[in-house]
Amino acid sequence: MSSGTQLRVATAAILIPAVAAAIWWGPTWLVAGLAAIVAVFALGEFFALGERIGFRAYRSWTYLAAVGIFAQQWDSARAASISGIGDFLYRPGTPRMSLEMVLFLFVLGAAIIALGSRRAVSDVFSSVSVSAAGLVAIVIPFSAVVRLYCVYGPVVGAIWSPATIWAAGFVWSPAELGRQLLLFTLVVVWAGDSAAYFAGHTFGRLKMSPHLSPNKTWEGAGANLLGAMLVAVVFARWMKIAPAHMLAMAVLASVAGQVGDLFESAFKRSAGVKDSGTLLPGHGGMLDRIDALILAAPAVWYYFEWFVLRRV
């Protein structure tokens, strides 16, 4: 095993248990907050790539908008979690934070910054473009991890007294299914990436996209898909979801994840770099680590919402 592979495995051996523990035992606000931090780091690396080709983002304002998107996802999931007392806490007509509102505030702030900035007018187009691209291509799809984690309902057996209702924002928590669903998505991505990495290095002959990622092969892509399907079989019994649905979510996550990986490779090739950063030894930057998850998470969430959740 090469030193690079050893470093990759060692980093994964530390990160994977830590992430799994946070998901299984951590409160919702912690998981949403950690996901927001990860997104901000990935966004920073995306902006660094842009700066290499002359696109300077409005970094601070876009970071704030990214945190706002995760707060909105958390707030929406929290509101949806409370059944039976929804009319008491969230009366019809009560203003609520929406994704459209967060994006409107982002655009408004970007316009104010552009008009008041000392940067050259010629930079406005590129600065607004790369800032918005970071939110659309990274933050919004990645924020689906919050929706996956927040598949829940009121605490079973809870007595909704006035005091409990008043404190509802502090007592609600994701059900086991939400934790399982997010872990399933992560394990599909991890297992698929690992299978593709080792199969590609061992058996890979047919290059998938040599101009974007010279090391990726069709053999590795097939191993990624098979690894994802194996995870679905294992998780189906634990999650008590029909195996057909589990396999469908695994296949979608595998395909979407590999598209996300190549998509990020296109950004890196445009900027003339191999990795987005050096934050994670053996894995590159944060964006390198979550590139597959950025598209895999919403793929699983939308399938679950449309074909599983509505049938429960």
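How many helices and strands does the secondary structure of the protein come to? I counted 13 helices and two strands, taking helices (H or I, at least four residues) and strands (E, at least two) as DSSP runs numbered from the N terminus.

**Basis of the entries.** I worked on a predicted model, in which local features need pLDDT of at least 70, side-chain atom pairs count only at pLDDT 80 or more, and totals for chains, interfaces and linings use all residues. Residues are numbered from 1 along each chain as its sequence is written, and side-chain values use heavy atoms, with hydrogens and water left out.

**Overall.** I noted that 45% of the 312 residues are buried; buried means under 20% relative accessible area, exposed over 50%, and partly exposed in between (1.4 Å probe, protein chains only). I then looked up contacts, meaning heavy atoms within 4.5 Å. Of those between residues at least 6 apart in sequence, 76% join residues at least 24 apart.

**Surface.** The protein exposes about 16,000 Å², and carbon and sulfur atoms supply 70% of this area. Areas come from the Shrake-Rupley method with a 1.4 Å probe; for residues, only the protein chains shown count as cover. I found a nonpolar patch of about 470 Å² made by Met101, Phe104, Leu105, Leu108 and Ile112. Patch residues have over 30% relative accessible area and no salt bridge, with nonpolar side chains (Val, Leu, Ile, Met, Phe, Trp, Tyr) joined within 5 Å and like charges within 9 Å. Ile112 belongs to helix H5 (residues 99-116) and is exposed at 57% relative accessibility.

I looked up the second largest cavity, which holds about 50 Å³ of space. On a 1 Å grid over the protein atoms alone, a cavity is a set of points where a 1.4 Å probe fits but cannot get out, and lining residues have an atom within 4 Å of a point. Grid points are joined across faces, edges and corners, and the volume is the space filled by probe spheres set on the points. Helices H10 (176-203) and H12 (243-271) each supply at least two lining residues, and H12 gives the most, with four. Among the lining residues I listed Val188, Asn224, Gly257 and Ala292.

**Salt bridges.** I recorded seven in the structure; each is a side-chain nitrogen of Lys or Arg within 4 Å of a carboxyl oxygen of Asp or Glu. Asp261 and Lys216 pair at 3.2 Å, N to O. Asp261 lies in helix H12 and Lys216 in strand S2 (residues 213-217), so this pair ties together parts 45 residues apart in sequence. Asp261 is buried at 14% relative accessibility, whereas Lys216 is partly exposed at 24%.

Glu264 and Lys268 pair at 3.6 Å, N to O. Both lie in H12, four residues apart, about one turn of the helix. Glu264 is buried at 3% relative accessibility, and Lys268 is buried at 7%. Leaving out residues up to four places away in sequence, Glu264 touches Ser276, Leu287, Asp288 and Asp291.

Lys274 and Asp275 also pair, their closest N and O atoms being 4.0 Å apart. Lys274 is exposed at 60% relative accessibility, and Asp275 is partly exposed at 34%.

**Backbone.** Where does lysine 240 lie? I placed Lys240 in the loop between helix H11 (218-239) and H12. Its phi is near 60°, a positive value in a residue other than glycine. Most residues other than glycine have a negative phi. Lys240 is exposed at 74% relative accessibility.

How values were computed. On a 1 Å grid over the protein atoms alone, a cavity is a set of points where a 1.4 Å probe fits but cannot get out, and a pocket is an open set with protein on both sides within 12 Å along at least five of seven lines; lining residues have an atom within 4 Å of a point.
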